[in-house]
Amino acid sequence: MRLSVLLVLATAVMTACAAPPPPSSLGADGKPLPKLYRIRPSDTNKIQIRMLDSINALRAASGATALSYSAELNAAAATHSRDMSVQNRPWHFGSDGSSPLDRVKRTGYPGQLLGENISETYETELETLAAWMEQPDTRNVILDPAARNMGFEWFQEPNGKIWWTLITGS
């Protein structure tokens, strides 16, 4: 009997010393809790390649030709991402009243602007692409068969919020 009592006490002491279980990584809705997606300057090339490869895979599946990056469209996208942050609102017009067409012309892009997708989020580029693919109007910009070039850039605020801009042209 004494041995049984000692074993129960020893087990209780050992259980009390055990590390607490790790916090759940799932929210009340059963989905993973969000994590801050911090973009470092060294991530730029990886993000650019991942986005281009993902878009081209989606385009191939729909029968559209692959896109290539355009330095001019990238510049227009970068300008607009930063400007949306300054304005603190996701919309297609610049703080100077410029439209996507104006921004693309300013960069000297020789082709025609076809579309622009924007987003204000804390999500990764691939989560943002998935959200764009769920909406017909933004999906059409990505899958437009006339598109040949794209620009894709972002601006991340110190609090982690990311302003994404994707521009397509022919």
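**Asn117.** I looked up Asn117 and found it buried, at 1% relative accessibility. Buried means under 20% relative accessible area, exposed over 50%, partly exposed in between (1.4 Å probe, protein chains only). I was working on a predicted model, where local features need pLDDT of at least 70, side-chain atom pairs count only at pLDDT 80 or more, and totals for chains, interfaces and linings use all residues. Residues are numbered from 1 along each chain as its sequence is written, and side-chain values use heavy atoms, with hydrogens and water left out.

I placed Asn117 in strand β2, residues 113–121. Helices (H or I, at least four residues) and strands (E, at least two) are DSSP runs, numbered from the N terminus. I then listed what Asn117 touches, leaving out residues up to four places away in sequence; among the contacts are Trp132, Val141, Trp164 and Leu166. Contact here means heavy atoms within 4.5 Å. The Asn117 side chain also reaches the backbone oxygen of Thr138, at 3.1 Å.

**Strand β2.** I checked the cover over β2: seven of its nine residues are buried. β2 pairs with strand β4 (residues 162–169) in the antiparallel sense, over eight bridges. Two strands pair if DSSP finds at least two bridges between them. I noted Glu116 opposite Ile167 in β4.

**Salt bridges.** I counted six salt bridges. The rule asks for a side-chain nitrogen of Lys or Arg within 4 Å of a carboxyl oxygen of Asp or Glu.

I found Glu120 and Lys161 joined by one, at 2.9 Å from N to O. Glu120 sits in β2 and Lys161 in the loop between β3 (149–156) and β4, so the pair ties together parts 41 residues apart in sequence. Glu120 is partly exposed at 33%, while Lys161 is buried at 12%.

Next I took Glu125 and Arg50, whose side chains meet at 2.5 Å, N to O. Glu125 lies in helix α5 (residues 125–134) and Arg50 in helix α2 (residues 44–62), so this pair ties together parts 75 residues apart in sequence. Glu125 is buried at 2%; Arg50 is partly exposed at 35%.

I also followed a network of salt bridges that links Arg40, Asp43 and Lys46. Within it, the closest N and O atoms of Lys46 and Asp43 are 3.6 Å apart.

**Asn88.** I stopped at Asn88 for its backbone: phi is positive, about 55 degrees, although the residue is not a glycine. Most residues other than glycine have a negative phi. I found Asn88 in the loop between α3 (71–87) and α4 (100–107). Asn88 is partly exposed, at 49% relative accessibility.

Note on methods. A polar contact is a pair of N or O atoms within 3.5 Å; within protein, one must be able to donate a hydrogen and the other to accept it, and residues adjacent in sequence count only if both atoms are side-chain atoms.
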